[in-house]
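Take a walk through this protein with the model open beside you.

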Amino acid sequence: MKYSVMVEYALHSLVYLIDVPPNESIGIKDLSEFQGLSETYLSKVLGKLSKEGIVSSVSGVKGGYRLNKKPQDISFWDVVRAVEGEDPIFQCKNIKANFAYQKTNEQCESCTGQSNCTINSVMLEAEEQMRNYLRSKTIAWLEEELQRTLPRKQLEEAKNFFKKGNK
């Protein structure tokens, strides 16, 4: 299983937006420079988050992005879903149609055909457990973990980088 690197950039961007006052925003130029990305690429990431209502964009010379929800209301799963979509990771190809041990008269959630594949059921259940775990972790939790685990100097340098961009 693999999520795209867009998920990581989205989560990092959200952490940087936590301390932005309600009347302000962080520009795409600052966010992309800090992460070492092109503005175009990060715009795609933030566009997906904006479409899902996780961030909002502010237009104009002092424009940029800010959180559209409270950090405790943004789960890791919200971010993954915004960036990757909701399709199951395991893509059942219905190869069981020619398999001797198939169940009959049951509808599969992600397959076409009339039978339910036990393999697909297990994979979908595992994915749901993972989604539930990701739902339990929020951006507020991530901020607390970073405050607890990162050196104070590193945290201050990041915050100061974005403060200079808004002056």
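**Helices and a pocket**

Start where two helices touch: M6, V7, A10, L11 and L14 in α1 meet F76, V79, V80, V83 and E84 in α4. By class, this contact of α1 with α4 has 9 nonpolar residues, 1 charged residue and no polar ones. Keep in mind that this is a predicted model.

Now look at how the two helices lie. Two packed helices are described by the angle between their axes and the distance between the axes. Helix α4 covers residues 76-84. The axes of α1 and α4 come within 9 Å, and they cross at roughly 130°. Angles over 145 degrees count as roughly antiparallel and those from 65 to 115 as roughly perpendicular, so α1 is oblique to α4. The crossing of α1 and α4 also has a hand: it is right-handed.

Stay with α4 and turn to its contact with another helix. Helix α5 spans residues 118-136. The axes of α4 and α5 come within 5 Å and cross at roughly 120°. On the α4 side, the contact is made by F76, W77 and V80. On the α5 side, R131, L134 and R135 take part. Sorted by class, the contact of α4 with α5 has 4 nonpolar and 2 charged residues, with no polar ones. Look back at F76 and V80: both belong to the α4 side of the contact with α1, and both also belong to the α4 side of the contact with α5.

Next, find the largest pocket. Its volume is about 580 Å³. A total of 24 residues line this pocket, and the closest to its centre are V15, Y16, A158, K159 and F162. Which elements give two or more residues to the lining of the largest pocket? They are α1 (5-17), α6 (139-149) and α7 (152-165). The most comes from α7, which gives 7 residues to the lining. What classes of residue make up this lining? It divides into 13 nonpolar, 4 polar and 7 charged residues.

Finally, go back to α1. This helix meets α4, and α1 also gives residues to the lining of the largest pocket.

Methods. Residues numbered from 1 in each chain as written. Predicted model: local features only at pLDDT ≥ 70, side-chain atom pairs only at ≥ 80, totals over all residues. Heavy atoms only, no water. 1 Å grid on protein atoms, 1.4 Å probe; cavity = no way out; pocket = protein on both sides within 12 Å on 5 of 7 lines; lining within 4 Å. Points joined across faces, edges and corners; volume = space filled by probe spheres on them. Helix = DSSP H or I, 4+ residues; strand = E, 2+ residues; numbered from the N terminus. Nonpolar A, V, L, I, M, F, W, Y, C, P; charged D, E, K, R; others polar. Axes fitted to C-alpha atoms, helices over the stretch in contact; angles between N-to-C directions. Parallel < 35°, antiparallel > 145°, perpendicular 65-115°, else oblique. Left-handed = near helix turned anticlockwise from the far one by under 90°. Contact = heavy atoms within 4.5 Å.
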